Amino acid sequence: MTRSADIPALLPLKPVELELLLALVDEERHGYGLVQRIAEQTDGLIRLEPGNLYRVIRRLLTAGLVQESSRRETGPGAERRRYYRLTALGARVIDAELARLRAVLSGVPARALARRLRPT
Amino acid sequence: MSDDRRVARAERWYAALLFLYPAEFRRRFGPDMRQLFTDRLRSERGRTGATGAATLWAGVLLDLLPSALLERAAQLRDWLMRPLVPAPRSAARHYSGDPMLDTLRHDLRYALRSLRRTPSFTAVAVIVVALGTGAVTTIFSAASALVLRPIPGVRDPGRVVDIRRVESRGRGSMSPSYPFFEHLRDETRTMSGVAAWTMMPLTLSTGGQGTAVSADVTSANYFDVLGVRPQLGRFFVAAEDSAPGAHPVIVLSDGFWRRRFAGDRQIVGRSVLVNGAPWTVIGVAPPGFTGVYPIVRTDAWVPMMMAPTLGRDPDALRSAGSGWLTLFGRLADGVAPERAAADLTRILRVHLGEEPPDYKDLNAVRLSRMTGFPADGAPMIFTFIALLLGVSALVLVIASVNVGIMLLARAAARRREMAIRIALGAGRARLIRQLLTESVVLFIAGAAGGLLIAFWSTGVFQRIQVPAEVPLSADLGPDYRVLVFTLAVAVITGLIFGLAPALQSTRHDPDTDLRSDTAGTGLRRSRLRNSLVVVQMAVSLLLLMSAGLFLRALTRGAHVDTGFETAHIAVAPVDVSRSGYTDARARVFLDALRERLAAAPGVTQVSVARWIPLGGSSAGTRIRVPNHAPLPGDRPDGMVDVSFGEVGPDYFQVLGIPLVNGRGFLATDDSAAPQVAVVNEAFGRTFWPGSEPVGRVFYDDDTPVTIVGVARDAKYSSLNEPLRPFMYMPVAQRWRSSTNVLVKTTGDPAALGPVIREAVRAIDPILPPPEVTTMDVATSVSLLPQRVAAGVTGALGLLGLLLAVVGLYGVVAYTVAQRTREIGIRMALGADGGSVLRLVLGDGMRLVVIGVVIGMALAAAATRVLASFLFGVSPLDPLVFALIPVGLASAALLATWLPARRAAATDPQAALRVS
């Protein structure tokens with residue numbers, strides 16, 4: 001079991017990992033649902049192919065950030081479709097990562113960059 | 001197809017691809033991934049048709065291949081890096097529970113860590129091993145491609161056999177005739193099929209300028225017996241084997257179809273011009289299949305029955321006395337090759353009476369495995385390849401010895417570490433296994449590098465142009481066999497050369513080793529190291545000596561007096577009958593071409609010759625010389641076998657062959673004139689000793705032939721042939737449309753290529769441009785084995801020398817470092833730099849001298865196997881045996897001198913302070 005003290009060891013998250021975790025914040029989703037949701041969240045910037053998607057899921061499962069859900073739907077192919085949900089640790093990791101990103105945004109380099117790009 | 005079925009089929013393919021992933025991953029996510037794939041497929045209905053499917057699958061592969069690879073790598077990493085002592089709860093499910101695997105895992109981790117700690121040692125060792133395995137792998141790769149790889153496209157190749165007609169006693173063999181083939185094909189009960197073929201160059205065109213095509217004429221069952229299926233259209237059917245000239249159909253090879261017709265799928269049924277006549281393309285052979293000699297490029301196949309229309313003597317399909325075919329067959333189910341050979345021999349003997357009487361000794365059929373080479377040339381080729389493989393193995397030995405020495409030095413440095421571990425209770429076997437794992441890892445890493453070298457070097461080999469009568473094309477690159485071979489070599493050499501250092505460094509009394517902290521020079525260890533240096537020197541000497549002998553043979557071969565000149569002569573093979581010319585038109589064409597070329601700037605003389613001396617081919621006939629008493633060894637009936645070449649007017653002037661007496665051929669020696677011949681001096685000496693042959697007459701097939709001239713003796717088919725009677729016949733009296741135009745120039749003959757091609761084009765634009773070469777190149781086939789051998793052994797010899805010298809340098813430098821304290825004491829006691837220099841040099845050179853002596857003894861014993869490739873250069877050639885040891889010793893002296901000089905410069909005070 002990963003303890004909360006390990007959270008810094010899981011950071012920083014890769015962009016794909018963060019997007020996948022974010023996609024699970026509001027509801028449990030299955031594979032194709034995740035692909036669509038992530039494409040939507042990123043304005044089509046990240047379009048996951050299945051092989052890559054499940055590699056990310058495997059990493060997140062191993063790290064204990066997501067879990068398989070017991071939810072099943074009815075309909076064609078439903079018995080094979082697995083749903084994933086965010087764990088409590090996953091939620092805390094998102095929080096920590098977002099905090100880290102916020103720190104980056106308000107950090108000295110970011111402000112210096114803003115000055116540099118400002119029209120003179 | 002309905003949409004559902006299309007989706008279901010695509011999903012099945014996708015499921016198959018999922019097997020790329022590790023089993024665990026597949027179990028966990030496989031169904032889910034399939035569902036995702038299906039979901040997406042259903043939602044993106046736009047992707048239909050061929051291009052849609054191609055895009056889809058390209059995307060799927062681009063996704064699955066890398067991610068499966070990464071997943072497997074991750075699995076391997078997890079396996080290596082997971083805790084060695086299982087944590088009580090969480091890791092328990094990871095623990096394999098197999099103590100063997102866990103120890104291996106442990107050893108691998110330890111080895112990787114320990115190699116990473118000494119990056120320069122690891123890098124040097126890996127490079128050295130890579131060079132050694134690279135050499136062996138390159139040669140093995142070429143050998144495997146030429147010898148081991150089954151003929152591409154053939155079904156169950158183990159059941160297909162070469163069929164040869166041989167003497168049951170004696171070593172003679174002959175090419176089978178067409179009637180003989182028919183008997184075997186129709187009467188055998190032990191073969192499921194017997195097929196025949198021979199090579200036949202053609203010209204193919206689609207109206208404009210023709211293309212020279214390397215084709216085979218085959219019996220209709222050729223493809224069936226091989227079990228090859230067409231990728232387009234069909235192959236020949238039995239009806240096409242029945243009437244001469246009735247079925248002008250042609251099958252194209254995949255390569256030719258792609259090159260010449262850009263892979264046009266509408267090709268089947270199209271009409272093309274073959275040797276000027278309309279033929280129909282009926283099929284395309286599968287990719288990779290280029291006939292039963294894979295190294296010969298084959299562009300097309302045509303039915304045997306069409307041979308007469310392509311310039312073969314029409315009698316060839318009827319005459320039992322004309323042998324021109326190559327046969328192979330497929331053994332029937334459950335029949336052993338011996339039984340089949342007996343069956344075919346029986347059939348042969350039934351029909352022996354229908355053949356010319358002198359065939360009666362050729363009364364047996366021999367079956368052998370299909371090797372992809374002509375059956376009579378195969379043993380020579382295999383010997384040659386084995387030789388090169390042996391030479392490259394020597395390089396590997398040198399490289400491995402080198403790394404062995406490095407490992408020994410490393411073992412000495414790690415004696416303390418081992419002693420501590422033994423003191424802490426580690427078993428010796430356990431430590432040895434760990435050290436062996438380390439050396440095997442090192443060798444495998446090196447072998448991976450060697451494989452890269454092999455990929456590169458075989459690529460270089462393939463680009464070398466070989467002067468040969470037939471176009472060669474071979475894929476020499478490494479295949480899975482090479483991979484397995486290299487891996488096996490790496491593991492075996494890693495074990496062998498890791499064993500001694502591992503034994504050494506663990507053979508200690510922990511008590512004394514822990515106390516004595518200077519890296520001592522244990523007597524036994526230095527003896528082992530010294531013997532390794534000796535081995536290295538001996539082997540590299542052997543290698544260099546072989547290279548030296550081949551080089552000598554090459555220079556000797558190049559200086560053999562061939563009796564003719566090759567400089568400033570261009571050779572252009574032409575055969576206009578393949579472009580639909582009749583014989584009469586062909587003669588007119590040749591005259592016109594000769595005239596046109598003679599007028600070209602720089603050209604001094606032009607001639608034609610069907611036969612090129614030392615060009616790799618020869619023809620023979622049986623003549624009767626009146627009043628010639630059979631000599632011992634001659635045939636009892638008084639007939640004599642003589643080789644001959646057909647040449648045209650001015651031939652002797654172009655090649656600079658002096659006429660001792662009489663005249664050369666004239667334009668008037670044509671088919672209407674009485675038959676004439678020019679003979680060599682040996683011919684005269686043999687048949688009319690002591691008197692003049694000019695004006696004498698002999699009989700060829702009962703036709704009287706008058707000798708009009710005597711030419712100086714020369715070499716005819718090989719550089720080391722004994723002098724034999726030889727005769728020249730006029731091309732015009734033995735007319736064949738395929739011939740070579742010889743053009744003598746004052747300048748560079750290679751520059752005549754465009755001139756000759758333009759002259760041909762100017763006379764008739766439909767003719768394919770001849771592939772012009774030079775006489776130097778055309779006659780160089782005779783030195784090809786020596787050239788290859790000298791090149792390969794020379795390159796490998798230099799590599800071996802480099803490795804050996806670097807190894808020697810390493811050992812001496814290492815010893816000097818170890819003896820710093822001893823040298824310091826010596827110098828403190830009054831020894832000067834000179835005596836230290838002599839001491840170190842002496843120690844090093846003693847090993848070199850022992851190695852050189854052993855190497856010379858080895859070479860004296862081993863080079864005898866090369867004798868048949870050496871053109872009479874003695875395997876104990878004094879020049880090689882004197883120069884090369886001296887050369888090697890000088891290189892070794894330099895390698896010892898560098899560290900010796902450093903030792904001599906030792907400051908005694910500093911040296912004593914260090915330890």
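Biologist: Hi! How many helices and strands does chain A have?
Modeller: Chain A has 6 helices and 3 strands. Keep in mind that this is a predicted model.

Biologist: And what pattern do they follow along the sequence?
Modeller: Going along chain A, you get α-α-β-α-α-β-β-α-α.

Biologist: OK. What share of chain A is buried?
Modeller: Of the 120 residues in chain A, 27% are buried.

Biologist: Let's look at helix α5 of chain A. What should its span be, and why?
Modeller: Helix α5 covers residues 88–106 of chain A, and its 19 residues should span 27 Å because each one counts for 1.5 Å. The C-alpha atoms at its ends are 27 Å apart, which agrees.

Biologist: Which residues of α5(A) are buried?
Modeller: Those are A:L89, A:G90 and A:V93. Looking down the axis of α5(A), they fall within an arc of 95 degrees, so they line one face of the helix.

Biologist: What do those buried residues pack against?
Modeller: They pack against α1 (7–10), α2 (15–23), β2 (66–68) and β3 (83–86) of chain A.

Biologist: Then which exposed residues sit on the face of α5(A) turned away from the buried side?
Modeller: That face carries A:A88, A:D95, A:A99, A:R102, A:L105 and A:S106.

Biologist: Switching topic: how many residues does each chain bring to the contact?
Modeller: Chain A brings 14 residues and chain B brings 20 residues. On the side of chain A that touches chain B, α3 (31–41) and α4 (50–63) are the elements giving two or more residues.

Terms used
Residues are numbered from 1 along each chain as its sequence is written. Chains are lettered from A and ligands numbered from 1 in the order in which they are written. This is a predicted model: local features need pLDDT of at least 70, side-chain atom pairs count only at pLDDT 80 or more; totals for chains, interfaces and linings use all residues. Two residues are in contact if their C-beta atoms, placed from the backbone, lie within 7 Å. Helices (H or I, at least four residues) and strands (E, at least two) are DSSP runs, numbered from the N terminus. A residue is buried if 20 or more other C-beta atoms lie within 10 Å of its own, exposed if 12 or fewer, and partly exposed in between; C-beta atoms are placed from the backbone. The expected span of a helix is 1.5 Å times one less than its number of residues. The arc is that of the directions from the helix axis to the C-beta atoms.
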